[in-house]
Structures are given as C-alpha cells and as structure tokens.
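Let's walk through a protein model together, one question at a time. Have a look at it first.

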Amino acid sequence: ERLAYSAINLKNYMIENKKGGILMQEVTLNQGIKMPQLGFGVFQVPDEKICRESVLMALETGYRLIDTAAAYFNEKAVGEAIKESGIPRNELFITTKLWVQDASYEKAKEALKVSLDKLNLDYLDLYLIHQPMGDYYGAYRAMEEAHDKGLVRAIGVCNFYPHILADFCETVRVMPAVNQVELHPFFQQENALALMKHYGVKPEAWGPFAEGKHGLFTHPVLTEIGKKYGKSAAQVALRWNLDRGVIVIPKSTHLERMKQNIDVFDFTLSAEDRSAIAALDRGRSDIVNHFDPQFVQALHQLKIHD
C-alpha cells in the first residue's frame, strides 16, 4: 500500500534537525539504523570546488544524508566539505558506492579502503554496489565482512531490477538495506517497490526529477497539484516519492533550490493527487536502458583508476 501520512502519524516519523532548524523524516533500515529519508546527491558534480561548496551549502541548509560514489570522482571533495562543516560525524549519514571495475571479493576490500581514505572517514553509514555487474556476489561478501567489523553500518545495492534482487536476497547472508533505483512520476516501478517491501529492502530514488525529462519542473499535472499546497512541481514529485516510503536524494548546486527541495515535510498528497500522478507512469526509463548489452559493455569499460 502507498503510505499516506496524517498530521498525527507524520509527526511520529519526524525529527528536528537542531542545527538546520528543519524537520526531517527518517526511515529505519533492516540492519537496525535510522536514515534520513531525504538527502543530497552529488552525481554529475565532478568539479572539486563546486562539489565541495555545494555539499557545504547543503549541510548548512540542514541536509544530513550525503550520497556520492567512487565513479562520481568527487569523494575527496565531499570529505573536505564534511570536515569543513564541523558537524559531528554521528549527525551525518554518508553513502558511497562500489564501481563495476572493483566488483570482486578482493577488489571490493581495497576499494572500500580507498573510498574511506578519500572521504577522510573511519566508517561509512551505507555502502552500495553501484551496478549488478561483474562478480558482485564476491564483492558483497567483502561488504558483509566490512559490516561485521563496523567499517560500514549498512550495506545495499543499486539498480537491482526485481528478478536480480529476488535472486540476490535469496542468496546473501546480510539482506541489503537499500536498493537505489530510478524512481519518479514517469517511471514509478510499483512492482519493484512491492518486492523490496517483501524483503524489507528500502527503496531509494536516483533521478527523482527524471533528470528534467518530460518537462517535470513545469508539468501541468504536478504544477496544478502544487498550487493547492503552495509548492512547486519539483516539491510535489519529491513528496509523492516520500509518501510511497522512498528515500530521495535530489541534487542541486543552487542554494534556493536546495532549500526548496528540503521544504517538503509540511504537506501530504491526497488520494486524488496520487491517482493523478499514477496516470503519468510510462512504465519504462527514458534515461538509461540497463537491458542494452552496449550499455553494460560501456559500464565495464569505464575505468575509475589504473
């Protein structure tokens, strides 16, 4: 079922961020830790100066979940921003990801060390397999061991479509805490969310704005819904995913948009709103085709280190 929060039960899912002065919704992962349901993503921000400044602005705005990846080439900049912010480590939730090139048992152990070093951290809150490619089962065994040792508080996966996730969950020792996949009004993946719920895996949305496709930021349906609440189409898109129990990590390098993206905890969508958004589903990705052999080959060929 879709999650529909009333004014009363919504309060039970909220915490107050004392430094940022904002309300933030949390989810509890199956590995026993709490995770902010809305965070800040840094995909496609490879410039170190821009990334560092953007993460600093996000932290000052009140974001506490920061999502990066080895393949984003900005872990070092994220680490610098974390250090410069002065925010206690235990108030932050930091995610990074293992790239395809390092998808094996031995390589994953080394890749984790490299990421921790670049981020200048003693541990990660969440470590994800970036793509279900290469020896990702071997890589996950190394991640399970890192989880046992406390180097990683939670482990999970990305881009695991239902048939892959089912096999994975039936095989591994530590159930993945998160599956980060493409989720937005034009690609809703209700079947994938149902399977994740079955296994207790939390869905996390990359591309929650569909990378601007289909005119999301000015879409008439989302804009009209937003008018009822004094919100933008983008804020409606985020609230819709939050109401489904999805973790979202919108990206922006502009302060005002950062503030707007985090200002989505003072309204909920009606059943009528959700029905209107449901009709927007195209049932496929218009961003990337994970089933295209040439795409798979291209990801294997992308080398992030020697």
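Q: At what angle do helix α2 and helix α10 pack?
A: This is a predicted model, where local features need pLDDT of at least 70, side-chain atom pairs count only at pLDDT 80 or more, and totals for chains, interfaces and linings use all residues. Residues are numbered from 1 along each chain as its sequence is written, and side-chain values use heavy atoms, leaving out hydrogens and water. Helices here are DSSP runs of H or I with at least four residues, and strands are runs of E with at least two, numbered from the N terminus. With their axes (lines fitted to C-alpha atoms over the stretch in contact, angles running from 0 to 180 degrees between N-to-C directions) 10 Å apart, α2 (residues 48–61) and α10 (residues 255–262) pack at about 45°.

Q: Which residues of α10 does α2 meet?
A: Contact means heavy atoms within 4.5 Å. From the α2 side come S54, M57, A58 and T61, and their counterparts in α10 are L255, M258, K259 and I262.

Q: Is E60 buried or exposed?
A: E60 is found in helix α2. Buried means under 20% relative accessible area, exposed over 50%, and partly exposed in between, using a 1.4 Å probe and protein chains only. At 59%, E60 counts as exposed.

Q: Which strands stand at the edges of the sheet?
A: Two strands pair if DSSP finds at least two bridges between them. Eight strands form an open sheet with parallel pairing, in the order β4-β5-β6-β7-β8-β9-β10-β11. Each edge strand has a single partner, so one side is left without a neighbour in the sheet: these are β4 (40–41) and β11 (247–248).
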